[in-house]
Amino acid sequence: MKPFAYLRARSADEAVQQSAARPGAVFLGGGTNLVDLMKLGVENPELLIDITGLPLDHVADTADGGLRIGATVRNSDLAAHPGVRTRYPALSQALLSGASGQLRNTATTGGNLLQRTRCPYFQDTSKPCNKRAPGTGCPARDSDQRDLAVLGHSAQCVATHPSDLAVALSALDATVHLHGPDGARTVPATGFHRLPGDTPDRDTEIRPDELITEVVLPPRPDGASSLYRKARDRASFAFALASVAAVLSVRGGRIDHAALAFGGLAHRPWRAHAAEDLLRGAPATAETFARAVEAELAAARPLRDNAFKVGLARNLAVDALVELAADSRPTQRRPQP
């Protein structure tokens with residue numbers, strides 16, 4: 001690990017100003033991914049700006065019934081928050097399915113969104129990688145492709161995004177709030193992460209020296225429930241081969257609201273817009289769910305070793321939607337004698 005300077009920021013403005021004044025500066029939250037990458041030589045910041053002392057550790061209701069989540073809220077605290085567990089269960093389930101308890105006690109909301117791919121070529125500085133060193137190539141395309149992308153990849157990169165939290169936030173229509181040299185702005189969670197295209201080194205739409213300050217969840221759609229499902233090689237401490245976050249509400253047997261996002265399939269959380277268009281207003285049946293999900297996954301371009309991901313994602317999504325539809329049915333009450 002190369003030497004670096006350290007600064008503990010006293011305000012968001014100071015953090016941004018110091019970052020802008022020092023090329024090579026990086027914000028430090030929980031550090032669970034950043035420090036690993038520094039040890040590997042993938043990240044070599046000249047300055048670490050510690051933001052853990054800033055007042056960004058809040059979880060609070062919004063005036064319209066949504067939820068504000070500060071960037072330094074720990075994953076374990078967010079997963080256990082009563083408002084998250086009751087109103088946005090997919091978010092709690094996603095957090096609890098990621099990493100270990102010790103890591104969740106350290107990892108933060110903002111850091112989770114900014115974590116980088118676990119592609120072995122990205123993490124090995126002795127190998128070429130367009131994401132780490134643009135223009136050097138993507139050897140992953142001709143290697144073990146089992147864990148790589150099946151949607152939205154390019155000739156430049158076939159890596160997948162590792163975050164469980166980001167998948168849930170995409171399905172829940174969250175917004176990411178940023179503070180930078182030009183002031184504050186917001187980006188929808190569905191558009192925060194990027195597909196690789198010709199610039200796979202750019203993971204997100206965040207601009208230089210911008211700091212994530214909070215994530216805001218809108219009010220839960222009327223009558224909607226949500227869940228998160230994840231398939232992985234081990235029961236814990238493993239990244240998703242495929243995952244799904246689903247939000248569904250049903251009225252009179254027909255789908256009133258549907259949102260679906262996949263993880264483990266692409267360079268970013270994959271919001272299933274084509275499936276959602278087919279679901280809205282349709283009968284809430286397993287056949288409807290299967291047709292919609294298959295239409296979404298028709299865009300998949302699996303590689304030599306990972307075509308199984310398409311069927312795995314399909315089954316996860318259909319099972320999740322069937323479960324949510326069953327939960328939305330009114331309870332039958334026995335007639336009183």
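Let's start with what covers the buried residues of α13. The cover includes three strands: β9 (225-231), β10 (242-251) and β11 (254-263). It also includes two helices, α11 (273-279) and α12. Keep in mind that this is a predicted model.

Which residues of α13 are buried? They are Lys309, Ala313, Leu316, Ala317, Val318, Ala320, Leu321, Leu324 and Ala325. Look at the spacing in that list. In an α-helix, residues three or four places apart point the same way, because there are 3.6 residues a turn. Now the helix itself. α13 runs over residues 308-328, 21 residues in total. From first C-alpha to last, α13 reaches 31 Å.

On to α12, one of the covering helices. It spans residues 286-297, and Thr288 sits in it. Is Thr288 buried or exposed? Its relative accessible area is 4%, which is under the 20% cut-off, so Thr288 is buried. The side chain of Thr288 makes a polar contact with the side chain of Thr285, at 3.0 Å. Beyond its neighbours within four places in sequence, Thr288 is in contact with Ile255, Leu279, Ala282 and Pro283.

Next, Ala171. This residue belongs to helix α9, residues 165-171. Ala171 has a relative accessible area of 2%, so it counts as buried. What does Ala171 touch, leaving out residues up to four places away in sequence? The list is Ala245, Val247, Ala259, Ala261 and Arg271. Ala171 and Leu260 are 89 residues apart in sequence, yet 5.4 Å apart in space, C-alpha to C-alpha.

Last topic: empty space. Rolling a probe the size of a water molecule over the atoms shows where such space is left. How many cavities of 30 Å³ or more are there? The count is four.

The largest cavity holds about 80 Å³. It is lined by 16 residues, and the closest to its centre are Cys119, Cys129, Cys138, Ala140 and Cys157. By class, that lining has 11 nonpolar, four polar and one charged residues.

The second largest cavity has about 60 Å³. Its lining is Gln115, Arg116, Thr117, Lys131, Ala159, Thr160, His161, Pro162, Asp203 and His267. Here the classes are two nonpolar, five polar and three charged.

To recap: strands and helices cover the buried residues of α13, Thr288 and Ala171 are buried, and the two cavities described hold about 80 Å³ and about 60 Å³.

Methods
Residues are numbered from 1 along each chain as its sequence is written. This is a predicted model: local features need pLDDT of at least 70, side-chain atom pairs count only at pLDDT 80 or more; totals for chains, interfaces and linings use all residues. Side-chain values use heavy atoms; hydrogens and water are left out. Helices (H or I, at least four residues) and strands (E, at least two) are DSSP runs, numbered from the N terminus. Buried means under 20% relative accessible area, exposed over 50%, partly exposed in between (1.4 Å probe, protein chains only). A polar contact is a pair of N or O atoms within 3.5 Å; within protein, one must be able to donate a hydrogen and the other to accept it, and residues adjacent in sequence count only if both atoms are side-chain atoms. Contact means heavy atoms within 4.5 Å. The expected span of a helix is 1.5 Å times one less than its number of residues. On a 1 Å grid over the protein atoms alone, a cavity is a set of points where a 1.4 Å probe fits but cannot get out, and a pocket is an open set with protein on both sides within 12 Å along at least five of seven lines; lining residues have an atom within 4 Å of a point. Grid points are joined across faces, edges and corners, and a volume is the space filled by probe spheres set on the points. Ala, Val, Leu, Ile, Met, Phe, Trp, Tyr, Cys and Pro count as nonpolar, Asp, Glu, Lys and Arg as charged, and the others, Gly among them, as polar.
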